[in-house]
Structure formats: structure tokens, C-alpha cells
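I opened this notebook to record what I looked up in the structure. The entries are grouped by topic.

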Amino acid sequence: MIVGAGPVGLMVARELARLGVPHVVLEALARPSELPKANGIVGRAVPLLRPLFPGARPAPRFMYGGFALDLRRLRDNPVWVLPVPQRRLEEVLAVGVPVRRGHTVGGLVADPAGIEVSVEGPSGAYTLRGSYVVGCDGAHSFVRKAAGISFDGSSDDGVVTRSAHVVLPRRALTRVRGLLRAPGVPYRPYLFHRTAGGVFSFARFGGGPHLVTTLEWGAGHDETAPMTVGELRESLARVLGSPVLLGSPPASGGPYVLRRATSRQNRIASSYRAGRVLLAGDAAHVVAGFGGPALNLGLFDAVELAGRLARDDVSGYDEARRPFAQRVLASAREQAELLAPGPSTDALRVRFAAYLRTPEGLRRVADTIGGG
Ligand SMILES: Cc1cc2nc3c(=O)[nH]c(=O)nc-3n(C[C@H](O)[C@H](O)[C@H](O)COP(=O)(O)OP(=O)(O)OC[C@H]3O[C@@H](n4cnc5c(N)ncnc54)[C@H](O)[C@@H]3O)c2cc1C
């Protein structure tokens, strides 16, 4: 019984179907969410999806901690990139997967012979019995909580992240390479840039408006006020040290991102398994990552778990998958340290730049980004 039809739950279902394991997918939402989330998948999970998304290849360049990486130096580049909006990814993964939509799981009871879930469906409450429950129900996972599994880690409350789709006027960008004009050097898209005032990035996915993101450490803000493009404009001016004209996105064609987050979460389930309950994807780990590491992890969880369910031996699942999430969590902290303000970070960045120039340094960083 798979709880949640996000990308990870759908991937588990597809794999179980391929391996001939009977299953059911229970999804609380009556229809797929329209909210913009991931802009793409980064890493070795991309080739797993090649039959569904042909044509993806490893990226010649990527970023880490505000450094541009030249991945053409690597013989076997693991940093595959599939720039697909999450909505589209879910749409494609859902083809041929029967999902009980509008069915919310609200209880779990296990016994030696099986496990029963209580479901609230469109026609009322019912129970369902099976051999395992797979919690793919996201960061706030009901399944994880019901199984008594803690979600250990930290929230970094000193950083405010603001993100919005905006229109950057043509004169704000250089004509040939689309760099952002600002005092000093122009800034490249698809990178996190560290300045004296914080961090920012801008990028354009799929021809729509630009997605602009800022990070500020310890900046005062009113948490109750709704986020606005004006607030992002002010934040960007503080980070860049000079104003950039940002226009609101068009009224049609959304929904667009307009978001302020006041804490960055890095957490991992204390166990990926409790008896007949298993966790995968965001239910098992959340990463305040730079560069989109979450789907890579979650899709690999799905493939690993489905294979083990097909063999009816899930005993090593936690040990097989935990190290990958731990590595990504460590790298999220490392990147946050490399991007933080202050002179000690300046010194750290000089050392890290030298490390990235070594073949071992680039290899280690690329393997962390690309590894499943
Ligand atoms: C703004 C944003 C940008 C992101 N960008 C990227 C990116 O570029 N790259 C990347 O790799 N990752 C990115 N992520 C992370 C990525 O979106 C998540 O890792 C991904 O959604 C996790 O998938 P999942 O299937 O584990 O969980 P979810 O997508 O959260 O799906 C969980 C599903 O479970 C359902 N559910 C919950 N509770 C119940 C219940 N009790 N009963 C039944 N159903 C239930 C929910 O309705 C939901 O459909 C981003 C996230 C955000 C918020």
C-alpha cells in the first residue's frame, strides 16, 4: 500500500508494476497539485527515466557552494540534468498507474501477519490490508509519525530565502549571454552568487519568466505580511548593493512562485523502516539543498525499495539508502557554510577553490551531486 502519489510514490508504483508486485496507491489530493515545485532532476536518477524522457545528458557545467564547476574535466560525469517541471514529471510518471485520488490515510495498525490502513475516501471511510505500507507522503509524512519514527536534524532559522517568478526587463540583461547587469561584473544565470549582502540566483526554465531567489542571513522581516515582488526587489537590492528593476509575472500562464521561507530544514528519518512500514522520498529525508538534490535521492529510494519488496526482503533497505541521504545532507551544510557571509567564509572559499581545482576535489563534489 503506497501512501502518496508524488513523484516518489508514482515511481515505486511503476517499479512494482514492472516487477509484478500487486499494490495500491492512495493519494489524499483529488487532483494533482498545481503548485510549482521542482524545476528539474539532477543526478544519476535521470538515466533511470530515459525511456520516459529521452535526450537528457550530463551537464557540462554545474554549481556547488557558489562555485561554477567545469564538469567537462571529468571522464564519467555523473551530473545528469533533466529540466522538467515537477507537475510534468508527475504527469508522465502517472501514465498507466492507477491512483485512488481523494483517499487520505489516517491510521495504521500492524500485526504479525500484515498491516491495515484506515482510509477516508470520497465515498466514506474504509480499511485496507496488505503486507507493507510505503510512506511516500512527503516531508510532513503521516506514515512516519504514525510509525513513531522521529525526523532528526536541524532547521537553520537564521536565513530568509525569498523566491519569485519575475520579469527582468531586457535592459537588465546583457544581449549575448543573458548576464544580469549590476555594478562590477555581470552575473551569470543558473548559479548562486555570494555578495557582501547575501546570496542570489536567477534562472529561466522553459521560456517563462525568470525565477529570482535571494538568501539573507539574519535580515529582519515581518513574517505575517504576505510575500510580494516588491519585497524580493528590496531584498535583491540589499544583496546586490544596487536596485534591479523586477516586474511582476504576467497574469496568465501561472501559477508562479512567490515565496518566503524563514527556516531551512535538513532532516532524516531515524529509521527508513519500522516493521511493515517503509519510508521513501521526502518522507524519509528533507534537504535544504542548493541545486535540487531531493528528487535524485527519492527516485533512487523508490527503485531500491521496489526491488527489495519484489524479493520480499526489505531488511537492508535503510542501510542501502541512508548513506546517500547523509552525504547530500552533509553537502547542503557544506554549501551553506561556503555561501554564508563574513571573513571566515572568505578564507574557507579560497581553500575550497584550490580543492576544486584538484581532480579529487571536483570528482568528490560531482559524485555528491550526481550520486543516487
Ligand atoms: C519550491 C520547491 C522547489 C524544489 N525544487 C526542486 C528541484 O529543482 N529539484 C529537486 O530534486 N527537488 C526539488 N524540490 C523538492 C521536491 O519537490 C521534493 O523532493 C519532491 O516533491 C518529493 O517527492 P515525494 O513524492 O517524496 O513527496 P511529495 O511530492 O511531497 O508527495 C507526497 C504526496 O503524498 C500525499 N499525501 C500526504 N499525506 C497523505 C496521506 N495521509 N494520505 C494520502 N496521501 C497523502 C500528498 O498529497 C502528496 O501528493 C523542490 C521543492 C520545493 C518546495
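Conventions. I worked with a predicted model, in which local features need pLDDT of at least 70, side-chain atom pairs count only at pLDDT 80 or more, and totals for chains, interfaces and linings use all residues. Residues are numbered from 1 along each chain as its sequence is written, and side-chain values use heavy atoms, with hydrogens and water left out.

Helix H1. I looked up residues 7–18, which form helix H1; helices (H or I, at least four residues) and strands (E, at least two) are DSSP runs, numbered from the N terminus. I found nine of its 12 residues buried, so H1 is largely enclosed by the rest of the structure. Buried means under 20% relative accessible area, exposed over 50%, and partly exposed in between (1.4 Å probe, protein chains only). Among the buried residues are Pro-7, Leu-10 and Glu-15.

Salt bridges. I noted 16 salt bridges in the structure, each a side-chain nitrogen of Lys or Arg within 4 Å of a carboxyl oxygen of Asp or Glu. The side chains of Asp-111 and Arg-129 form one of them, at 2.9 Å from N to O. Asp-111 lies in strand E9 and Arg-129 in strand E11, so this pair ties together parts that are 18 residues apart in sequence. I recorded Asp-111 as partly exposed at 31% and Arg-129 as partly exposed at 45%.

Another entry concerns Arg-72 and Asp-70, whose closest N and O atoms are 2.9 Å apart in a salt bridge. Arg-72 counts as exposed at 52% relative accessibility, whereas Asp-70 is partly exposed at 28%.

Notes: The expected span of a helix is 1.5 Å times one less than its number of residues.
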